[in-house]
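Please open the model in a viewer and keep the sequence panel at hand. The stops below are meant to be selected in the order given.

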Amino acid sequence: MIHRSEEKLRLKVLKEYDILDKLPEEIYEDIPQIASMICNMPVAMVSLVDKESQFFKSRVGVGPSETPIEQAVCYHTVLAKNGFFEVADLRLDERFNSLPFFSNVPHLVSCYGVPLVNPAGIAFGSLCVLSTDEVVTISQVQKNTLKKLANQIIYILELRKKHSDFANYHIEVQKYGQEMEEFAYTAAHDLRSPLRAVNSFLKLIESKCTWATDDKEKMYFKFIFDSAKRMDNLIVDLLDYAKSNKTNKEKELIDVYLLVTDIFSGLIDETTIDKPILLTNNLPEITGSKVAINMIFQNLIDNALKYQSKDNIAMITINYVDEIDRHVFEVVDNGIGIADEYIALIFQPFKRLHTQSEYMGSGLGLAAVKKMVESIDGEISITSKVGEGSVFTFSIPK
């Protein structure tokens, strides 16, 4: 009989493949039928052997779906050390001639089998063909074909196992990503409270020291306040990024023209003499997530206003194309543009192409936009030319 350690390994393999006690599957049903036809044998089966029983994953010409292990001829195939098991006449073999199948119909006589062996070399089942009522021999070609069919079973099982492992891994990655987003959201939210306290006390200290501050001290206060403001902006952007794939699934009617003009008005500085210009073309009313659409346009328009050459009057054009199944929007600006070698970086978190002294920002805005667009099954892309501006194109399903 098989050594207990080998039995444990076999049971472990069966558990990893997760095929015991499963409903019939067509892909396995075909194999014993093919084996039966190739070897001209009326009985064929794919069997799996656990601790106490032999289960037939698929079978032809035999009724029961399982047998006790002590009555299982195919169990001996699992034990075969040379990769093939054959008994020309079971009636003359003392290992089998007392088993009940000799008194039952069909009367099994000849048996040929190939063990199912996983890539680690552990046998856990078999592919067997059997004759009834008479001795039948098979050729070496037929034996080799049985071995090839057994290999196909292993390929199927390994593919299924890898698919299951990948699915489980994908679930774990999603779970980890969700936990990290929740952590980022909580951390960013909690950081704003002490930062506001720091800012308030700094203003209090500054107000008490105005009579004694010189230009250098005023510069120090300005530096601290600017740093606190950048920190607050970073936290707000981090919050937006953490929330960017938690889209409000409730759809509502959105007047895109009113939305973008409200966003634009809220972003421009009313004290500026040369005010930025907003142009729109055919902006529609659409049905979708207002949270998502608002955030996308907010970030794209903000970027278009921010990344401008000194003394340049920002001009932003928002176009719309109505496709059969999608809404397509373009946000066109006349800003500084982006060199080709940096295009691939701009949607990555914390990737910045300029210093804070040149253009303030956290490097999270466009990353959040991409996440938000993808969360509503959309796509986003960019074309740009240095010194002439950029075109952000995003599409969302209707």
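Colour the chain by pLDDT to begin. This is a predicted model; the mean pLDDT of the protein chain is 80, and 79% of its residues reach 70 or more. Next, select residues 354-359, over which pLDDT stays under 50. The model has 11 contacts beyond four places in sequence for this segment. Where pLDDT is low, the predicted coordinates should not be read in detail.

**Helix 2**

Select residues 26-39, which form helix 2. At 1.5 Å a residue, these 14 residues should span 20 Å, and the end C-alpha atoms are 21 Å apart, which agrees. Now show the side chains of Tyr28, Ile31, Pro32, Ala35, Ser36 and Cys39, the buried residues of helix 2. Viewed down the helix axis, the buried residues fall within an arc of 125°, so they line one face of the helix. Turn to the face directed away from this buried side to find the exposed residues Glu26 and Met37. Just after helix 2, select Asn40, which takes a positive phi of about 55°.

**The largest nonpolar core**

Which residues have the most contacts inside the largest nonpolar core? Select Phe297, Ile301, Ile316, Ile318 and Phe394; the core has 39 residues. Elements that each supply at least two residues of this core include helix 6 (256-267), strand 10 (315-322) and strand 13 (389-397). Helix 7 gives the most, with 9 residues. Centre the view on Ile301: beyond residues up to four places away in sequence, Ile301 touches Val260, Ile263, Phe264, Leu267, Ile316 and Ile318. Apart from this core lies another, of 29 residues, among them Tyr28, Cys39, Met41 and Ala150.

**Helix 6**

Return to helix 6, whose 12 residues should span 16 Å at 1.5 Å a residue; the end C-alpha atoms are 17 Å apart, which agrees. At the start of helix 6, select Asp255: one of its side-chain oxygens reaches to within 3.1 Å of the backbone nitrogen of Tyr257. Then show Val256, Leu259, Val260, Thr261, Ile263 and Phe264, which are buried. Among the elements covering the buried residues of helix 6 are strand 7 (252-255), strand 8 (277-281), strand 9 (285-288) and helix 7.

Finally, select Thr261 within helix 6. Is Thr261 buried or exposed? With a relative accessible area of 18%, Thr261 is buried. A polar atom of the Thr261 side chain lies 2.8 Å from the backbone oxygen of Tyr257.

Conventions: Residues numbered from 1 in each chain as written. Heavy atoms only, no water. Helix = DSSP H or I, 4+ residues; strand = E, 2+ residues; numbered from the N terminus. Expected span 1.5 Å × (residues − 1). Buried < 20%, exposed > 50% of the residue type's maximum accessible area, 1.4 Å probe, protein only. Arc of directions from axis to C-beta. Core = buried A, V, L, I, M, F, W, Y, C linked by side-chain atoms within 4.5 Å. Contact = heavy atoms within 4.5 Å. pLDDT = per-residue confidence, 0-100. Polar contact = N/O pair within 3.5 Å; in protein donor to acceptor, adjacent residues only side chain to side chain.
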